[in-house]
Amino acid sequence: MSDATTRRAGVPNFSSLPYGAFDLNPHVQLHPGPPERIRCFVKGCKWFLRPPTRHGFRGDACPDHGIRVHKSGTYSYRDPGRNTIVSPELLTHGVMRHEFKFESGRFGNERGEDAITFNVFRSFQEAGALHLVASLFTGTEVVREPRLFLWGLEMTGDTLEPWDLLIAARERFETALPVKRPMTEPDIALHLPGEWLLLCEAKFTSANPVYARGPRKDAQSLTLDELVGIYSDPALVMLDDAKVAAADRIEYQLFRNVRFAETMARLDGPNTQPFFVNLTRLGAENDTFEHFFRLLRPGHARRVRHVFWEQLFTLSQLVGGRLGHLQRYLITKTAGLRLAFNLGYF
């Protein structure tokens with residue numbers, strides 16, 4: 001689509017953004033080889049590229065477009081900074097190199113949730129509009145800008161200081177885990193000290209994982225009984241212990257985040273209220289969220305919410321031009337080479 005056509009349709013120019021639906025060919029074109037190669041997914045590109053393999057080969061990067069193509073019908077950027085719409089140096093020279101961030105190798109992935117998380121929440125922060133996000137997430141009116149943490153790193157003031165409350169909660173629950181596994185790392189957190197604290201588990205194309213009764217799934221997993229025992233505390237009241245004990249499966253990331261939110265709020269102060277949000281695409285993970293939601297005590301259910309990326313797009317429209325770049329990004333954002341969100345534009 002030409003710039004002129006785009007303007008006539010009332011859609012802004014997307015040329016400075018990461019590749020989107022207008023730029024990509026959703027049909028995978030194979031060259032059998034040997035070696036097997038795939039045409040670069042950018043429309044009109046002539047290059048056929050060897051995809052990454054499970055044996056350690058990273059794949060060819062397109063000389064013209066800087067992406068590696070994957071047989072599954074997705075791609076990744078050679079330079080993760082190309083996948084950002086805001087503060088690229090803070091991401092590539094700060095967050096990605098920080099020892100506190102677990103697993104920084106997915107920021108260049110088309111379907112990765114890390115890049116979209118950074119792009120969306122950092123954009124709201126730079127626009128001074130995080131209080132609107134907080135109002136949506138908590139279901140209350142928030143007028144002051146909260147502190148923002150991504151993966152436990154302080155984004156307010158760009159300090160990237162590891163969050164002391166998260167460290168304290170990890171020390172409370174995760175100093176003697178029976179297996180070697182990553183510690184709890186909330187994707188997003190918003191905090192008004194002394195008032196409320198919110199943790200958010202974000203999903204883009206992946207599902208809320210589940211532990212069912214039985215043996216461990218792999219060397220890093222816990223059993224369901226281990227999960228319940230390790231993250232139990234008689235002072236915590238949001239989850240109904242009887243329902244938890246009787247559950248045949250538990251969405252363990254949601255479970256740990258609710259336990260952490262309540263623990264961290266108590267550490268912050270006697271009046272700090274805990275909240276938790278599961279952020280997904282519209283219509284995704286309704287079943288897993290609803291199953292988990294039934295484990296809550298009724299008096300605390302309003303503190304746990306299922307929110308959608310599409311609602312954040314709508315919220316960005318209330319801010320106007322300050323978030324125009326974010327609106328353009330979300331309109332054409334792809335997952336598997338096709339539009340990730342149905343926002344009513346095409």
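**Close-up 1. Lys203 and Glu201 pair up through their side chains in a salt bridge, with N and O 3.2 Å apart.** Welcome to this predicted model! Both partners sit away from the surface: Lys203 is buried at 6% relative accessibility, and Glu201 is buried at 5%. Searching the whole structure turns up 15 salt bridges, and the next two views show others.

**Close-up 2. A salt bridge joins the side chains of Glu195 and Arg144 (2.4 Å, N to O).** Here the pair ties together distant parts of the chain, 51 residues apart. Glu195 lies in the loop between strand S8 (188-192) and S9, while Arg144 belongs to the loop between helix H4 (130-138) and strand S6 (147-150). Glu195 is partly exposed, with a relative accessible area of 36%, and Arg144 is also partly exposed, at 45%.

**Close-up 3. Asp225 meets Arg213 in a salt bridge whose closest N and O atoms are 2.7 Å apart.** This pair, too, links distant parts of the chain, 12 residues apart: Asp225 is in helix H6 (residues 224-230), and Arg213 is in the loop between S10 and H6. Asp225 counts as exposed at 54% relative accessibility, whereas Arg213 counts as partly exposed at 40%.

**Close-up 4. Asn208 is found in the loop between strand S9 (196-202) and strand S10 (211-212).** Take a moment with this residue: Asn208 is buried, with a relative accessible area of 4%. Its side chain makes a polar contact with the side chain of Asn278 at 2.8 Å and another with the side chain of Thr288 at 3.0 Å. Beyond its neighbours within four places in sequence, the residues in contact with Asn208 include Lys203, Leu254 and Phe289.

**Close-up 5. Helix H9 (residues 286-293) has Thr288, Phe289, His291 and Phe292 as its buried residues.** These residues lie on the same side of H9, because they cover an arc of only 160° around the axis. Look around them to find their packing partners: strand S11 (249-250), helix H8 (252-268), strand S12 (273-280) and strand S13 (304-308).

**Close-up 6. Cys45 has its closest cysteine sulfur in Cys62, 3.6 Å away.** That distance is too far for a bond, since a disulfide needs the two sulfur atoms within 2.5 Å. Across the whole structure, the search finds 0 disulfides. Cys45 is buried, at 4% relative accessibility, and Cys200 is buried as well, at 0%.

Definitions and conventions
Residues numbered from 1 in each chain as written. Predicted model: local features only at pLDDT ≥ 70, side-chain atom pairs only at ≥ 80, totals over all residues. Heavy atoms only, no water. Buried < 20%, exposed > 50% of the residue type's maximum accessible area, 1.4 Å probe, protein only. Helix = DSSP H or I, 4+ residues; strand = E, 2+ residues; numbered from the N terminus. Arc of directions from axis to C-beta. Contact = heavy atoms within 4.5 Å. Polar contact = N/O pair within 3.5 Å; in protein donor to acceptor, adjacent residues only side chain to side chain. Salt bridge = Lys/Arg side-chain N within 4 Å of Asp/Glu carboxyl O.
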